[in-house]
Amino acid sequence: MGASSGIGRAIAETFASRGVKIGVGARRVADLEMLKAKYPGMIECEAIDVTVPEAKTGLARLIEKMGGMDIYIHVSGIGGANPNLVVEQETKVTDTNVTGFARMISAAYNYFRHTGRDGRIAAITSVAGTRGIGDMAAYSASKCFCSAYLVALSQLAHKHGTKVSFTDIQPGWIRTPLLRKEKIYPLEMTLEHAVPLMLLAIAERRKVAVIDWRWRVIKSLWKRIPNPVWNRMSGFGF
């Protein structure tokens, strides 16, 4: 989900190029059709906007086209700095990263639960979800929600006896269309570097995977900073 560009497209192309049949969803269906044409017979696509209630119906149609689903990978997300807290920008982020995330992850979970299939749900969240970041309040808070939601569903799956496992993939900065072209970000990664690490985390069924090792160190340090000190910090390239 979210395969029209960036991380989502790179993941989709990696699977399709290796002979794995995939279903892709995004708002920009023209980009998906181009992807489908590039890998004949390997890709099914569906126009899906995660911010609208009809998105779960779109996922159901895509699953039907595929003849079933084994792994659901959620990449859809938006972000950006908003230090002036422009309300429209804040709510746009939460509509996609919180409401849209919950809508699609719960739909995928319910598919696996009701069909009784062994399932995998993997989601791209962010190391930004480790702490609230002032310049990116909605984004960092939304990614915290995503990670907590996956933990909650993992507990729920145990309660339901559902054979679903979860992987929370938390990358640092990756050069995608979401980043400002004119800016170089701290410890910025390329898709060529980051995507294989993400796919390895899914293959190894890891519960949480921070991409890459440098960001694991940073995440560990961030968690140890006392709140009074954190409140006086700024920057991080955000």
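Student: What percentage of the 238 residues in the protein is buried?

Tutor: This is a predicted model, in which local features need pLDDT of at least 70, side-chain atom pairs count only at pLDDT 80 or more, and totals for chains, interfaces and linings use all residues. Residues are numbered from 1 along each chain as its sequence is written, and side-chain values use heavy atoms, without hydrogens and water. Buried means under 20% relative accessible area with a 1.4 Å probe, protein chains only. On that basis, the buried share of the 238 residues is 47%.

Student: Which residues of α4 do A55, K56, L59 and I63 in α3 meet?

Tutor: Helices are DSSP runs of H or I with at least four residues, numbered from the N terminus. Helix α3 covers residues 55-66 and helix α4 residues 87-115. Contact means heavy atoms within 4.5 Å. By that criterion, the residues of α3 named above meet, in α4, R103, M104, A107, A108 and Y111.

Student: How are α3 and α4 oriented to each other, and why?

Tutor: Their axes, lines fitted to C-alpha atoms over the stretch in contact, lie 9 Å apart at an angle of about 40 degrees. Angles run from 0 to 180 degrees between N-to-C directions; under 35 degrees counts as roughly parallel, over 145 as roughly antiparallel, 65 to 115 as roughly perpendicular, and the rest as oblique. The orientation of α3 and α4 is therefore oblique.

Student: What does the C-alpha trace of the protein span along its principal axes?

Tutor: The protein has eight helices and six strands, strands being DSSP runs of E with at least two residues. Along the principal axes, its C-alpha trace spans about 55 × 45 × 35 Å.

Conventions: Buried < 20%, exposed > 50% of the residue type's maximum accessible area, 1.4 Å probe, protein only.
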